[in-house]
Amino acid sequence: MKLNIAIQGIKGSNHHQVAKDYFGDDVNLVECLSFDILVEQLLQGKADKGIMAIENSIAGSIIPNYALVYHNNLHIIGEFYLNIHHNLMVYKGQTLEDIEEVRSHPMALLQCKEYFKAYPKIKLVEDVDTAETAKQIKEKALKNVAAIAPKVAAELYNLDIVASEIQTIKDNSTRFIIVNTTNKELAKEEINKASIRFVTDHKRGSLATVLNVMSDCNLNLTKIQSLPIIETPWKYAFFVDITFDAYADFSKAKALLEIMSEDFKVLGEYKNARV
């Protein structure tokens, strides 16, 4: 039976590419035009697993997605790093000189803003998805409009690429997390990375003490992100990614952090994709 994989965006998007690379081609794609809809598909059982972008090497964290994972009790069961390639594409026969407006996802526009400084007359417009814009150009035969999207989108929707690799920084990658409503059973020997969330009190040095415990337990902190707790002004939750060589070290740290911090929660235990 084919897995139903929820992605943000449609065929031809970077999320689609991750689905292909991580799960293979033999899956059913559940296309979602927002991360909120993606989560709904998981919670309603219409998707088996979901793929969510969580951070980019240039633009940083996609902060709302941390909250979506936590508040909906999702489990991170894996991760994938994708090198991002942005291409400018138009309706067949159009040229770079014909472009009056470029539509794409805000993150794509941000990652290509230096390129468009040479074209001040081109209007940059935020859209819900990279590939969705490419699809609209094809279906509506839009002239004078371009999309920023992966190469696969140009192939799927029969568009002409008028400029390739327009991202400002060529070494540009995005980290995606694979999420599920239940925790995937992995042998402890296979687990070498985890995502956790906790809250510290207002005492001086509280966060430093927690970080010292991680260090003492031989955990390597690879990411820390703070988010305000809406219900409690000026109080913050910390989302942390850690890697380790031995699961026993992480197990020891968990026991200590549950005592030392508030609202401690493991969001996922999985394999480190960078090893």
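I started at the end of helix α1 (residues 14-23). G24 follows α1, and its phi is positive, near 90°. Helices here are DSSP runs of H or I of at least four residues, strands are E runs of at least two, and both are numbered from the N terminus. This is a predicted model: local features need pLDDT of at least 70, side-chain atom pairs count only at pLDDT 80 or more, and totals for chains, interfaces and linings use all residues. Residues are numbered from 1 along each chain as its sequence is written, and side-chain values use heavy atoms, with hydrogens and water left out.

Next I looked up burial in α1. N14, H15, H16, V18 and A19 are buried (under 20% relative accessible area; exposed is over 50%, partly exposed in between; 1.4 Å probe, protein chains only). Their cover includes β1 (3-8), β2 (27-32), α2 (35-43), β3, β5 (75-83) and β11 (173-180).

N73 has a phi of about 55° and is not a glycine. I found N73 in the loop between α3 (63-71) and β5. N73 is partly exposed, at 46% relative accessible area. N218 also came up, with a positive phi near 65°. N218 sits in the loop between α7 and β13 (220-228). At 54%, N218 counts as exposed.

From there I went to α7 itself. How do α7 and α8 run relative to each other? Helix α7 (residues 206-216) packs on helix α8 (residues 247-260) at about 170°, with axes 10 Å apart. Axes are lines fitted to C-alpha atoms, for helices over the stretch in contact, and angles run from 0 to 180 degrees between N-to-C directions. The pair is therefore roughly antiparallel (over 145 degrees; under 35 is roughly parallel, 65 to 115 roughly perpendicular, the rest oblique). T209, V210, V213 and M214 of α7 meet L256, L257 and M260 of α8. Contact means heavy atoms within 4.5 Å.

D129 is in the loop between β8 (123-126) and α5 (130-139). D129 is buried, at 3%. Beyond four places in sequence, D129 contacts Q8, G9, I10, S13 and H105. A polar atom of the D129 side chain lies 3.1 Å from the backbone nitrogen of E132.

E55 lies in strand β3 (residues 49-56). E55 counts as buried because its relative accessibility is 17%. Not counting residues up to four places away, E55 touches G60, S61, I62, S173, T174, R175, K223 and D241.

Methods. A polar contact is a pair of N or O atoms within 3.5 Å; within protein, one must be able to donate a hydrogen and the other to accept it, and residues adjacent in sequence count only if both atoms are side-chain atoms.
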